[in-house]
Amino acid sequence: MALSSSPLPSQKGVIITVPTLVLSLSAAAIFIFLLLSTLSTCSCPPSTAPASTGAAAVSRGGNYGEDRTERFSPTQDDIEWIRDQIRVNGIRMQPNVLRKGINPRTRAQQLQDLIQFKGISHYEEPESNDHTALPCPGELLVEEHHSNYGEPWAGGRDVFEFLAESSHLTPVSRVLEIGCGTLRVGVHFIRYLNLKHFHCLERDELSLMAAFRYELPSQGLLHKRPVIVKGEDMEFSKFGAGVVYDLIYASAVFLHMPDKLVWVGFERLANKLKPYEGRIFVSHNIKFCSRLGGDECTKRLTSLGLEYIGKHTHDSLLFNHYEIWFEFRQSKA
Ligand SMILES: C[S@@+](CC[C@H](N)C(=O)[O-])C[C@H]1O[C@@H](n2cnc3c(N)ncnc32)[C@H](O)[C@@H]1O
């Protein structure tokens, strides 16, 4: 029929020959194909929007559906996987003795080596001392501060996982730790949270030195700019007047403080907690509360607009230990 080599009449009198039409259609088809394949392999810049809640925050594969918020502790699958890795590689715990390329030292011996032999320095005098941008004291380099708390340093991760899951943490959450010490727990929050979203009030100078001169640089976290303030009097004004926290916690701290000071903290922080959703978690015990006797603690909390929700325990992944946590929030009324 019309698809002959004869010219096709158009409404406005433009004449298109059949070969021209076929060529044009082919060119259009090729163009559309190329466009579609370009779009499907687009190397677009990553979104600058922060991952916050729900599917956007899910970074793990495995059992977590797109409608679930992020999970922080390992799954049973994760644990099976690591056990399997140890099994298939035939790995058993061995005595840590001298062997090829491995020369085990205690922290004290390592510190002595650092002092005596300048550690692993290859620089000779006279310019041997000025190659280091952030010189770190030897005691911190050998991680003496990892033995400060009477339990393995690794327990910091357990604390983080419990608190992150219990408070439904997202990168945009704002977190205050009272008494963050050497950042045993804090480094995990700092790594996960957005810039400047981790705040801490700590009184011990040596712990702060370990945090600033060893933990943050060695964990590659300087760029996260955590707001860490030296202080011991529950004075939070340096963190900003308008800041509202999703999570405030005290890990192994309130038991070392006078009850009166703990209550000063509660008074000053009650209205800095995100209404209803925000949480305060206190570890170990709440003797500052029970020591008031009767229902005095409940009354005092109510007067501050706070309520006690309950007690939780959380098992450690690596060692035979569990933490005890007490949870508070703003009361609804
Ligand atoms: C056992 S450590 C726990 C450190 C950290 N929270 C952790 O879990 O790894 C107790 C910390 O609370 C700090 N601390 C005690 N009283 C304090 C106060 N009034 N203000 C700020 N920090 C305090 C201590 O200096 C110490 O670093």
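Author: A residue is called buried if 20 or more other C-beta atoms lie within 10 Å of its own, exposed if 12 or fewer, and partly exposed in between. We shall need that scale throughout, and what we apply it to here is a predicted model.

Reader: How should I then read E161, and does it count as buried, exposed or partly exposed?

Author: E161 belongs to helix 6, and because it has 19 C-beta neighbours inside 10 Å, it counts as partly exposed. Apart from neighbours within four places in sequence, E161 is in contact with F72 and S73, while its C-alpha atom is separated by 8.8 Å from that of H188, a residue 27 residues apart from it along the chain.

Reader: What share of the residues of the protein count as buried?

Author: Of its 333 residues, 22% count as buried, in a fold whose secondary structure comes to 11 helices and 7 strands. Among the contacts between residues at least 6 apart in sequence, 66% join residues at least 24 apart.

Reader: Which residues touch the most other members of the largest nonpolar core?

Author: The general idea is that in soluble globular proteins nonpolar side chains tend to be buried together. In this model the largest nonpolar core has 45 residues, and those touching the most other members are L163, V175, F189, L247 and I248. Helix 6 (residues 155-166) supplies the largest share of this core, with 5 residues. If we follow L247 and leave out residues up to four places away in sequence, we find that it touches L163, S167, L169, S173, V175, G278 and R279.

Reader: R279 brings me to strand 5 (residues 279-283); which of its residues point one way, and which the other?

Author: In a regular strand the side chains alternate between the two faces of the sheet. Here R279, F281 and S283 point one way from strand 5, whereas I280 and V282 point the other way. Since 5 of the 5 residues of strand 5 are buried, the strand is largely enclosed by the rest of the structure.

Reader: With which strands does strand 5 form bridges, and in what sense do they run?

Author: With strand 4 (residues 247-250), strand 5 pairs in the parallel sense over 4 bridges, and F281 is the bridge partner of Y249. Strand 5 is also joined by 4 bridges to strand 7 (residues 322-330), and these two run antiparallel, with S283 standing opposite W325.

Notes:
Residues are numbered from 1 along each chain as its sequence is written. This is a predicted model: local features need pLDDT of at least 70, side-chain atom pairs count only at pLDDT 80 or more; totals for chains, interfaces and linings use all residues. A nonpolar core is a set of buried Ala, Val, Leu, Ile, Met, Phe, Trp, Tyr and Cys residues joined through C-beta atoms within 7 Å. Two residues are in contact if their C-beta atoms, placed from the backbone, lie within 7 Å. Two strands pair if DSSP finds at least two bridges between them.
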